[in-house]
Amino acid sequence: MGAYCNVDVSLPSTYDVASARDLRLCKQVHDNVHGNIYLDPLSLKFIDTEQFQRLRELKQLGFTHMVYPGAVHSRFEHSLGVYWLAGQSVEKLNSYQGLELGIDRFDIQTVKLAGLMHDVGHGPFSHLFEREFLPLVISGSQWSHEQMSVNMVDYIVDEHCIDVDPQMIRRVKEMILASSESALPKSSSEKSFLYDIVANGRNGIDVDKFDYITRDCRACGLGCNFEFQRLLETMRVLDDEICYRAKDYLTIHKLFATRADLYRTVYTHPKVKAIELMVVDALVHANNYLEISSHIHNPSEYWKLDDTIIKTIEIAPSQELKEARELILRIRRRNLYQFCNEYAVPKDMLDNFKKVTAQDIVCSQKSGGVTLKEEDVAVCNVKIDLTRGKHNPLESINFFKDYESDEKFTIRDDRISHLLPTSYQDMIVRVYSKKPELVEAISEAFENFQLKTYGIKAQVHSTPKKKRRYNSCT
């Protein structure tokens, strides 16, 4: 298993050609998903930094392990997996089309390094930090972990004096941002297909998904019938774009369907979301005292922020952290925000859907009984799609008939199967009570909101009576 091609090409003087050609100079580690992984000398210079090692302290799935106990794998493992698959992808293209595409060792190293560093700027607790916490404490926050990954790459190179070609680092950063809203203009119009490998902005098929879907399914004890190896073996570059055999259409559909299933059953599990809502509240309470959000402005401070912030809050004696501490203690004792009910937004209402807020629920309460306040209610608007919102992601994928043909084309759903979905996005509204004794009042207000908004109760079943009667002493 070679990590580099043996074709002799010209490379920048800073590139270690000898070590790149000899696996004996690479470090071997065993991954529980991909088996033996070989870490090349340049990548090891990045890995053996305190900034990259921080990823060991970031659980890949945040608080999912509170529901799926095996989901304790880290961003560190995932990053090594993406590094390996990125290298495997570009090397397979090199084996089959290397002379045609002009792939060299510089390209291979660049793609591998992009795979390795794509999550080095990730925040604590999966995506909770950037999507749910920061918008509450920084108005209009546009911060993203992809942009921080780019900043962190520059910081690591400077801080540790890593001898690496500036053009390679520029392309690494472009590849990291390729699928984000802040994508950089490509420094070269050549070999655009290389930007499809790590973070694919064209159609969403990339090795990042290959790794986390496989790894997350295994960690949670779920079956995974998607096999990325088939796509790696059969993909082909046509007109500077990675394309796939037409006969692999359903294999690709399984990729997106498995991802959607993970979102529904794992990433947005009602109990997981309850815990996340509590953690967000705890972080908001602690933010002024610990200045958590201030870390995002400087890589030299940001790398010190990881999942252990929860333990910092939990054991700190400061009176300023009392409310945050109490929320963490509730999580430890499994005294969670109570799930009241949920409903899926009707398909014909998706285009005009506005996020439901705690205020919407409180304003739907009828007179009588307790008076609800916005701080008593938590609302979670969960969007689940196939990576392209309401659009079919397969529409943006190009296929080829066989290896004798150079024609690429798209395939309409109705040409394959009438069993494939006709809708590609779900929006689920979930409501939680922060106080157990208010479950009944909040559940009734939620039902009133549905009647007022849709003219029907959109939820599948009523909130169970035993949950409505729940109180803090039971």
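Buried means under 20% relative accessible area, exposed means over 50%, and partly exposed lies in between (1.4 Å probe, protein chains only). This is a predicted model: local features need pLDDT of at least 70, side-chain atom pairs count only at pLDDT 80 or more, and totals for chains, interfaces and linings use all residues. Residues are numbered from 1 along each chain as its sequence is written, and side-chain values use heavy atoms, with hydrogens and water left out.

**Stop 1: the sheet**

Helices (H or I, at least four residues) and strands (E, at least two) are DSSP runs, numbered from the N terminus. Two strands pair if DSSP finds at least two bridges between them. Select E5, E9 and E6: these three strands form an open antiparallel sheet, in the order E5-E9-E6. At the edges are E5 (338-344) and E6 (377-385), each pairing on one side only. From one strand to the next, the twist averages 20°. Angles run from 0 to 180 degrees between N-to-C directions, with axes as lines fitted to C-alpha atoms, for helices over the stretch in contact.

Now zoom in on E6 and E9 (residues 425-433), an antiparallel pair with nine bridges. Pick Ala378; its bridge partner in E9 is Tyr432.

Contact means heavy atoms within 4.5 Å. H11 (residues 249-267) packs on the sheet and touches E6 and E9; its direction makes about 170° with that of E6. H12 (residues 270-290) also packs there, touching E5, E6 and E9, and its direction makes about 60° with that of E9.

**Stop 2: salt bridges**

A salt bridge is a side-chain nitrogen of Lys or Arg within 4 Å of a carboxyl oxygen of Asp or Glu. How many salt bridges does this rule give? The count comes to 31.

Select Asp385 and Arg259. Their side chains meet in a salt bridge, 3.6 Å from N to O. Asp385 is in E6 and Arg259 in H11, 126 residues apart. Both Asp385 and Arg259 are buried.

Next, take Arg215 and Asp31, whose side chains form a salt bridge of 3.1 Å, N to O. This pair links H9 with E1 (residues 27-31), across 184 residues. Arg215 and Asp31 are both buried.

Then select Lys435 and Asp376; their closest N and O atoms are 3.5 Å apart in a salt bridge. Asp376 counts as buried because its relative accessibility is 5%.

**Stop 3: a charge without a bridge**

Go to Asp307, in the loop between H13 (299-302) and H14 (309-315). Lys and Arg count as positive, Asp and Glu as negative; His and the chain ends are not counted. Asp307 is buried yet has no salt bridge, and the nearest side chain of opposite charge, Lys59, is 5.0 Å away. Setting aside residues up to four places away in sequence, Asp307 touches Glu57, Leu58, Lys59, Pro124 and Phe125.

**Stop 4: a covered helix**

Select H8 (residues 166-176), where eight of the 11 residues are buried. Among them are Met168, Ile169 and Val172. The buried residues of H8 pack against H2 (41-47), H5 (105-117) and H7 (145-159).
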